[in-house]
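Work through these exercises with the structure open. Each task is followed by its solution.

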Amino acid sequence: MSPEVGGSSDPNPDPMAALRRRTTTVLVIGQILGGFGVAIGVALAALLAAEVSGSAGAAGLAVTASVTGAAVISLPLAALMTRYGRRPGLTSGYLIGAGGGLIVVVSATGGWFVPLLMGMLLFGAGSSANLQARFAAADLAPANRRGRAIASVMWAGTLGAVLGPNLAAPAGRAVGALDGRIPDTAGPFLWASGIFLLAAATTHLLLRPDPLLTARSLAAGDGAETGAEPPPPHPGRGDRGTAAPGDLPAKTAVHRKRALREGWEAVVSSPTARTALAGVAVVHTAMISIMVMTPVHLSHHGAGIELIGLVISGHIAGMYAFSPVMGRLADRLGALPLLWGALGTVAVAAALAGSAEGRHAQSAIALFVLGLGWSAGLVAGSTLVTESVPVGVRPAAQGLSDLTMNGCAALGGAVAGPIVFLAGYGTLNAVAAALLLPVAALALWTASRRTG
């Protein structure tokens, strides 16, 4: 059990402890559901794209579209959170993801590839909401426990994320049995849409009071530098921070632009934040590029859907199951040393995957190690971004971080298919490993400035 969720025997508990536990519990429930929805859909997305398009070279475009959606939608969600709090932003992300999953099912049934990619674009909003939930966990955490707070919510996604790929094939067959027109590889998206709706309802009903608005109020009360005044709640809505129905459409574009500007200024002014941004971007890009083509690579070497599901499950277990360990390392050793470890771990994973050549056990180990490296990189980078910018502009900087890492990963996923088609799976892994070197050098430079 994560320390953020469990109880405490301290006779003089922190007065915020009960609120932190309640907030983390709600985020944990949403993370489990969201992780299940993302994993059960994305597990067979590459195969679905290959089936509908009729080309193995287009296999990576489905996951690329999903990652692109997560990138594009992260900034509007950050702007929404900046203005109104975490709850409406997370809820909106899950709802958009549910709609995208339904579009994927309809498009696959009709054999329409371009609409399918549009559905995957919207489906990525569910992933964006799940990613940004980790920052919500850090809103109320003490400075020396931010890494563990972020990791505790990431860890909660283990159950759904690991089971999702293994249940994708049975879920697809179950939907196909009800309606023979729906391909087995598209059926999981129908399940994912229902799960996202449940995550949206849980977040909307239970994430009260809003952790970000509460953190801002506390910072303002302590005279801390917030960087922005906390938005006043709408009359009659207490501390929910929910927009009035007529306010949101007229103001969303303005706040999105302001969120981008504020996030950019906060990151540019901090060398640590810049390093964190580069770190999460390159680790996420390497992970997506390798992961998205591994099912196709395994399929070409005789692996069936069930085996592919097991390999992806092991990968996702590496991503989430050990995140509490990564959180403790970030808090005790420092987030920057953890980022170095992440870069080295991803490089080892790329070497293992690129040299597997049909050895399925080695591929499985490589994907598990790749998940560990991603976990370390995301916890380290998220902690560095959170601690290096004022609370008033944190959502903007965090949204920019997710925009950058998902945008880079979308580009990596887009070129992964052509690289494999033209030069092979081993070359793809070599390119992914080469991307890590400049960031390792940047991290060393940042460390020298911090200790100088």
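**Exercise 1.** Find what share of contacts between residues at least 6 apart in sequence join residues at least 24 apart.

*Solution.* Take a contact as heavy atoms within 4.5 Å. Among contacts between residues at least 6 apart, 83% join residues at least 24 apart. This is a predicted model: local features need pLDDT of at least 70, side-chain atom pairs count only at pLDDT 80 or more, and totals for chains, interfaces and linings use all residues. Residues are numbered from 1 along each chain as its sequence is written, and side-chain values use heavy atoms, with hydrogens and water left out.

**Exercise 2.** Check the length of helix H4 (residues 86-110).

*Solution.* Helices are DSSP runs (H or I, at least four residues), numbered from the N terminus. The expected span is 1.5 Å times one less than the number of residues. Just after H4, Gly111 takes a positive phi of about 75 degrees.

**Exercise 3.** Which residues does Leu48 touch, not counting residues up to four places away in sequence?

*Solution.* Leu48 touches Val104, Ala108, Leu116, Thr185, Ala186 and Phe189.

**Exercise 4.** Classify Phe322 and Phe368 as buried, partly exposed or exposed.

*Solution.* Buried means under 20% relative accessible area, exposed over 50%, partly exposed in between (1.4 Å probe, protein chains only). Phe322 has 38% relative accessibility, so Phe322 is partly exposed. Phe368 has 28%, so Phe368 is partly exposed too.

Terms used
Helix = DSSP H or I, 4+ residues; strand = E, 2+ residues; numbered from the N terminus.
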